[in-house]
Amino acid sequence: RYSLIGGSPLLKLTNRQAEALGRELGLPVYVGMRNWKPSIADALRRAVGEGMEGLVALCLAPHNSRTSIGLYRKYLEEAREKVAPGLTVEFIENWHDHPLLIAAFREKLAQGIDRARAEAGRDVPVVFTAHSVPEKTIAEGGPYKRQVLETAALLAVAMGQEDLPRYRVAFQSQGMTAEPWIGPTVESQIDELAAAGHRHVLLCPIGFVSDHVEILFDIDIMFREYAKARGVTVLRTESLNDSPLFIRALASMVSARMGSAVSGGAL
């Protein structure tokens, strides 16, 4: 998959986001990755080495699940205990409904709708997508699915169309495990739309803030091939990446929590 998309741009994009956020805040911003370098521990070592006494930590996933934000918080706390026990960390857990995040998604969605309408010659159904999670995490009270649905609803309202024509919400990139993952799947929505006679669909990934394999392979290759076999063209809104509105959203959230993190930066 990585070879088909020319390698993952995630680290490069995350660094660009961090640099833009640093300029917006006028403060140091550190990048720590859970599954790649620099690690979260590397980022903490660097922060301490540069004299930081406190950090505001923000996981670049808008919706809170124990398999996403929960894991990042766990890794962060374990790393802090090992390499920076004196460091104060303020962790931002929920930001799926931040007004500037919705505004940033709205900007990309409006552009996507215009492009889709021009290509199709008519209005095109919209499917909001987010990463799936195991059903048990929702059954145990996790807020993830509810937050995804809230983001979609807020975005529809922001478009001035509380009933954004034919919008749906689907979950993608289910894990390769035997346990059930939440749906509906994107494939099922493509099937239903094809059966209803639609020949174009616009996917709007609201569960992701950067281009990476779930966008560039799962949507741009896999879903497009799946849809093409059913006579449907899949279009996609652009990812937020380092959109100025998105960077302002991050800065707003971090600034609101800075009061508790003295002499600090952001992670």
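Me: Is arginine 73 buried, partly exposed or exposed?
Reply: This is a predicted model, so the answer is computed from its atoms. Buried means under 20% relative accessible area, and exposed means over 50%. Arginine 73 has a relative accessible area of 38%. That value lies in between, so arginine 73 is partly exposed.

Me: Which side chain meets that of arginine 73 in a salt bridge?
Reply: The N to O distance in this salt bridge is 2.2 Å. The pair links distant parts of the chain, 20 residues apart. Arginine 73 is in helix H3, and its partner is in the loop between strand S2 (88-92) and helix H4 (99-120). The partner is glutamate 93.

Me: How many residues apart are glutamate 90 and arginine 257?
Reply: Their side chains meet in a salt bridge, 2.9 Å from N to O. Glutamate 90 is buried at 18% relative accessible area, whereas arginine 257 is partly exposed at 29%. Glutamate 90 lies in strand S2 and arginine 257 in helix H9. The pair links distant parts of the chain, and the separation is 167 residues.

Me: What separates arginine 146 and glutamate 150 along helix H6?
Reply: These two form a salt bridge, with the closest N and O atoms 3.1 Å apart. Arginine 146 is partly exposed at 46%, and glutamate 150 is partly exposed at 29%. Both sit in helix H6 (residues 144-158), four residues apart. Therefore the separation is about one helical turn.

Me: How many salt bridges does the structure hold?
Reply: The pair of glutamate 93 and arginine 73 is one of them. Others share partners: Asp211, Asp220, Arg224 and Arg236 are joined into one network. The structure's count of salt bridges is 19.

Me: How many disulfides are there?
Reply: A disulfide needs two cysteine sulfur atoms within 2.5 Å. For cysteine 59, the nearest cysteine sulfur is that of cysteine 204, 19 Å away. Cysteine 59 is buried at 7% relative accessible area, and cysteine 204 is buried at 1%. The count of disulfides is zero.

Me: Which element gives the largest share of the lining of the largest pocket?
Reply: The largest pocket holds about 1300 Å³ of space. Its lining has 45 residues, with Leu10, Cys59, Leu60, Tyr72 and His212 nearest the centre. Elements that give two or more residues include helix H1 (10-25), helix H3 (69-83) and helix H8 (213-228). The largest share, six residues, comes from H1.

Me: How many residues in the lining of the second largest pocket are charged?
Reply: This pocket has a volume of about 190 Å³. H8 gives the most to its lining, with five residues. Among the lining residues are Arg1, Glu187, Glu214 and Asp218. Beside four nonpolar and two polar residues, the number of charged ones is four.

Me: What is the volume of the largest cavity?
Reply: A search of the whole structure finds one cavity of 30 Å³ or more. Its lining includes Phe105, Cys204, Pro205 and Phe208. The lining divides into five nonpolar, two polar and one charged. The volume is about 30 Å³.

Me: How far does H9 reach from its first C-alpha to its last?
Reply: H9 has 14 residues. Among its buried residues are Leu245, Phe246, Ile247 and Met253.

Note on methods:
Residues are numbered from 1 along each chain as its sequence is written. This is a predicted model: local features need pLDDT of at least 70, side-chain atom pairs count only at pLDDT 80 or more; totals for chains, interfaces and linings use all residues. Side-chain values use heavy atoms; hydrogens and water are left out. On a 1 Å grid over the protein atoms alone, a cavity is a set of points where a 1.4 Å probe fits but cannot get out, and a pocket is an open set with protein on both sides within 12 Å along at least five of seven lines; lining residues have an atom within 4 Å of a point. Grid points are joined across faces, edges and corners, and a volume is the space filled by probe spheres set on the points. Ala, Val, Leu, Ile, Met, Phe, Trp, Tyr, Cys and Pro count as nonpolar, Asp, Glu, Lys and Arg as charged, and the others, Gly among them, as polar. Buried means under 20% relative accessible area, exposed over 50%, partly exposed in between (1.4 Å probe, protein chains only). The expected span of a helix is 1.5 Å times one less than its number of residues. A salt bridge is a side-chain nitrogen of Lys or Arg within 4 Å of a carboxyl oxygen of Asp or Glu.
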